[in-house]
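The following report describes selected local features of one protein model. The sequence and the structure are shown first.

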Amino acid sequence: MVNIAVMGYGTVGSGVVEVINTNGELINQRAGDEINVKYVLDIRDFPGDPVQEKIVHDIDTIIDDPEIRIVVEVMGGIEPAYTFVKRCLEAGKSVVTSNKALVAKHGAELLSIARERELNFLFEASVGGGIPIIRALNSSLTADKIEEITGILNGTTNYMLSKMFYEGADYDEVLKEAQDNGYAERNPEADVEGYDACRKIAILSSLISGQQVDFEDIYTEGITKITKEDMLYAKEMGMTIKLLASSKRHGDHLHAIVAPALLHKSHPLGSVDDVFNAVFVHGNVLGDAMFYGSGAGKLPTASAVVADVVDAAKHLHRNIMTMWKNEKLELLPIEDTSRKFFVRMSGSAQSRQAEVENLFGEVQIVEADGVEGEFGFITGEMTEGEYGQKAAKAGGILHMIRIEE
């Protein structure tokens, strides 16, 4: 029997217990041993819930019990999760977590502690919910140099952008609907400002580079400035708008960004709608691969957590996780990265095209039905720095969205 403890009995924690109860026989068969939830740590009690007999309120109960081999951390946040996880690893217990904030900030250190003690620190559920992207990078794609990871890593914003695109709704309207449906928090900042996706791409960037990528260093732009007019232009161009989190190699450098992007409907990520997530990976040997599924939610996330528990149970005395070093990776500055830009400008194309082309060079003019008093244009490829200099000299720019080829 492999005894485990679950720290946190919220949405995901209760999901972990439910998955183990529902699929216990199958899980035990795949683990090669019986997985038993011995303790559930929470500050609350749950009278009437069968889990109450396993509830403990003191982390030391878990730390001091030699029978506990694996600890599941689904509390969220940095503290006390970091302190608890570190103490568990130092006490000789493998740890599984869904906590993206913890992994993004302290992943290198916790992986190092686990390796030194021949334990495991596993975090599949921290990126993409139920999509097995970390397991793929850790085992299936280890023969490849990963040149690009680009993903739709936040279900809330993807739901909102899908609604805006297909129904012509405006931002405030779809945000309220997302909150009413339970897809967005009352304070939606982490989702709509791109912070959630930023932490996830920081984790993936650290994995593929083998060095620490700090999420604070990643240029991050949310969806709060996307309008109905942007969507009308997107439809006119046969494109859609997605919040993309992307990490790409440029020679010897890595560049990461989180921002809304226009992409053609033929792009692998162009048809990923509603609350679904997807991750596009390009390897130098493999070529293109795509991972798609439920990026959040109680049971999809719990499924990924329990899969890590099974992995940890099968490898109780052997470290299986790819390391990344504490050494910080310096990202390529955003100013030095190149792409095309879609720009909306006030006035008429007829009166301003010469002025625009004098500044930006040859452009493709775009006009959309239902949008008056302005026009759009697509630039040629240029660096972000060049675009910024040119845009500063142009009057009447209403909005800019990057184009993902």
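## Helix packing and annotated sites

The axes of α5 and helix α10 (residues 195-209) come within 9 Å and cross at roughly 45 degrees. Axes are lines fitted to C-alpha atoms, for helices over the stretch in contact, and angles run from 0 to 180 degrees between N-to-C directions. Helices (H or I, at least four residues) and strands (E, at least two) are DSSP runs, numbered from the N terminus. α5 and α10 are therefore oblique to each other; angles under 35 degrees count as roughly parallel, over 145 as roughly antiparallel, 65 to 115 as roughly perpendicular and the rest as oblique. The crossing of α5 and α10 is left-handed, a term for a near helix turned anticlockwise from the far one by less than a right angle, with right-handed used if clockwise. Lys100, Ala101, Val103 and Ala104 of α5 make the contact with Asp196, Arg199, Lys200 and Ile203 of α10, where contact means heavy atoms within 4.5 Å.

The model is predicted: local features need pLDDT of at least 70, side-chain atom pairs count only at pLDDT 80 or more, and totals for chains, interfaces and linings use all residues. Residues are numbered from 1 along each chain as its sequence is written, and side-chain values use heavy atoms, with hydrogens and water left out.

Lys100 lies in helix α5 and carries the UniProt feature "binding site" (unreviewed entry). UniProt positions are given in the numbering used here, feature names are shortened, and annotations may be inferred rather than shown by experiment. Leaving aside neighbours within four places in sequence, Lys100 is in contact with Ser126, Asp196, Arg199, Lys200 and Ile203.

For "binding site" (unreviewed entry), UniProt also lists Met7, Gly8, Tyr9, Gly10, Thr11, Val12, Gly13 and Ser14. From this set, Gly8, Tyr9, Gly10, Thr11 and Val12 belong to the lining of the largest pocket. On a 1 Å grid over the protein atoms alone, a pocket is an open set of points with protein on both sides within 12 Å along at least five of seven lines, whereas a cavity is a set where a 1.4 Å probe fits but cannot get out; lining residues have an atom within 4 Å of a point.

Helix α1 (residues 11-22) contains Thr11, and Gly13 is also placed in α1. Gln179 lies in helix α8 (residues 171-180) and touches Ala184, Glu185, Arg186 and Pro188, not counting residues up to four places away in sequence.

The table gives accessibility classes: buried means under 20% relative accessible area, exposed over 50%, and partly exposed in between (1.4 Å probe, protein chains only).

| Residue | Relative accessible area | Class |
|---|---|---|
| Thr11 | 54% | exposed |
| Gly13 | 0% | buried |
| Lys100 | 27% | partly exposed |
| Gln179 | 14% | buried |
| Asp274 | 33% | partly exposed |

## Backbone geometry

Most residues other than glycine have a negative phi, and most peptide bonds are trans. Glu79 and Pro80 are joined by a cis peptide bond, with omega about 5 degrees. Pro80 is found in the loop between β4 (68-73) and α4 (81-90).

Glu118, in the loop between α5 (100-116) and β6 (121-122), has a positive phi near 55 degrees. Asp274 has a positive phi near 60 degrees and is placed in the loop between β11 (253-264) and β12 (276-283).
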